[in-house]
Amino acid sequence: MKFLTALDRYILRLVLMPMFAVFVIAASLLILDKMLRLFEFVSTEGGPVGVVFRMLVNLIPEYAGLAIPLGLMLGILLAFRKLATSSELDVMRAVGWSYIRLLRVPFLITLVLMAVNLAIVGYLQPLSRYAYAQLDYELRSGALGASIKVGEFTTLKDRMALRIESSEDEGRKLKGIFARFAGKNGQVLSISAREGQFLANREDRNTIILRLLDGTIVQDVAGKEPRVLSFSQHDLPVDLPAIDRFRARGDQAREYVLPELLRLGWSNSLPEVQRAGSQANFNYRLVEVMMMALLPLLAVALAIPPKRSTSALGVFVSIVFVVAYHKVNEYGQSIAQLGRIDPFLALWGPFALFSVLIVWMFYRVAYVPGGQAIGALESAYAKIGKRLRKLLKRREHVRGAGLDPLADDEELGQVAV
């Protein structure tokens, strides 16, 4: 007997299409939301537009850590929901296929995605977080070539004040330039020019050339009359501000890869606070990956609506479940890092509780005749939906009769008669 039958390949197709769709949609929404804020931040700092896309690339592993479990969950859920609403699942169950057997392919997909997610949260996320923080630092410090802000005075090396009225051609052409340069011998130069541009200095990388066109220089020396000079072109050397090197990786526990966290978290030579932070982050990453092993069971438990019903309440509950568990883990990690609770208990305690809940929900659907994992919610949801439909029909009936929708009950009774 083949390990993967035609039915397994059919389930595989049903799972993969919505799963990849959820991956793309979730990642796109998260990235687009961040992109708008990054564009605003980069424009405020005066940096190049290209750095936005470099920062977004470093955010992809961060968003993938949440998008992968969510996509896996909804992919399996929507596949089994389709089988249930089309009565195909009843046929499969009637010929002896159990839910565990039907989940063979989803569990294989889960194992592959668990390995991918472990590589992401264990290795890619720490490195990408550090790269993102480095880009943010370089942008704020000017190491990425951030331009001088238009319309503001900028101090360089505490000896030169520069103001530019406007810029064109992406900062290559400057207009309305005023500069004040204070020399070490007490000489002060006040320079104004119609336009100019910055040029690289091949002889000294720490200095750039500001080439000015059509301007004047006022030379002021203590005890002497000021001198005024006019020029058609003048090259003014500008010392670049010193930029400190960015810190080494590891300022935060989340910037360490898993082997580093394992070594630091159980090292007796480190302070207790640092060890608690490393242990909390290590356990946080593991429980995030391990919970994925239970998502196929949860997906099946929430995918099958009550008989003669097409309720999609399970889809909504599944999204809330995954996001809520993610937030619970984040909270457990934060309090464990503060040393208020043991890291193992803070992370694996909620994992155990959620695991028991998921197994119970799956058992209700798979082994209890007519059982529902969220039967009470489905019943309440159906009653609320029924009342809302009645209310809408009532309002439409009143409007059709030309009466006020807020009329009293006696008047409405007369219309009904």
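**Helix packing in a predicted model**

Let me start with Thr 110, which sits in helix H5, residues 104–141. Helices here are DSSP runs of H or I with at least four residues, strands are E runs of at least two, and both are numbered from the N terminus. This is a predicted model: local features need pLDDT of at least 70, side-chain atom pairs count only at pLDDT 80 or more, and totals for chains, interfaces and linings use all residues. Residues are numbered from 1 along each chain as its sequence is written, and side-chain values use heavy atoms, with hydrogens and water left out.

Back to Thr 110. Is Thr 110 buried or exposed? Buried, with a relative accessible area of 1%. The cut-offs: buried is under 20% relative accessible area, exposed is over 50%, and partly exposed is in between, with a 1.4 Å probe and protein chains only. What does Thr 110 touch, leaving aside its neighbours within four places in sequence? Leu 72, Ile 76, Met 292, Ala 293 and Pro 296. Contact means heavy atoms within 4.5 Å.

Three of those names come back in the next pair, H2 with H8. Helix H2 covers 50–85, and helix H8 covers residues 295–303. Two packed helices are described by the angle between their axes and the distance between the axes. For H2 and H8, the axes come within 8 Å and cross at roughly 40 degrees. Axes are lines fitted to C-alpha atoms, for helices over the stretch in contact, and angles run from 0 to 180 degrees between N-to-C directions. H2 and H8 are therefore oblique to each other. Angles under 35 degrees count as roughly parallel, over 145 as roughly antiparallel, 65 to 115 as roughly perpendicular, and the rest as oblique. The crossing of H2 past H8 is right-handed.

Who makes the contact? From H2: Pro 69, Leu 72, Met 73, Ile 76, Leu 77, Phe 80 and Arg 81. From H8: Leu 295, Pro 296, Leu 298, Ala 299, Val 300, Leu 302 and Ala 303. By class, the H2–H8 contact has 13 nonpolar residues, no polar ones and 1 charged. Nonpolar is Ala, Val, Leu, Ile, Met, Phe, Trp, Tyr, Cys and Pro; charged is Asp, Glu, Lys and Arg; the others, Gly among them, are polar.

Next pair: H7, residues 272–290, and H9, residues 313–337. Their axes come within 8 Å and cross at roughly 165 degrees. So H7 and H9 are roughly antiparallel. H7 also passes H9 in a right-handed crossing. The H7–H9 contact divides into 7 nonpolar, 6 polar and 2 charged residues.

One of the H9 residues there is Gln 337. Gln 337 is partly exposed, at 29% relative accessible area. Beyond four places in sequence, Gln 337 is in contact with Val 273, Ala 276, Gly 277 and Ala 280. Gln 337 and Arg 275 are 62 residues apart in sequence, yet 8.6 Å apart in space, C-alpha to C-alpha.

Ser 87 is not a glycine, but has a positive phi of about 65 degrees. Ser 87 lies in the loop between H2 and helix H3 (88–94). Asp 214 also has a positive phi, about 50 degrees, without being a glycine. Asp 214 is in strand E5, residues 207–220.

Last, the whole chain. There are 12 helices and 6 strands. Of 417 residues, 42% count as buried.

Key: A crossing is left-handed if the near helix is turned anticlockwise from the far one by less than a right angle, and right-handed if clockwise.
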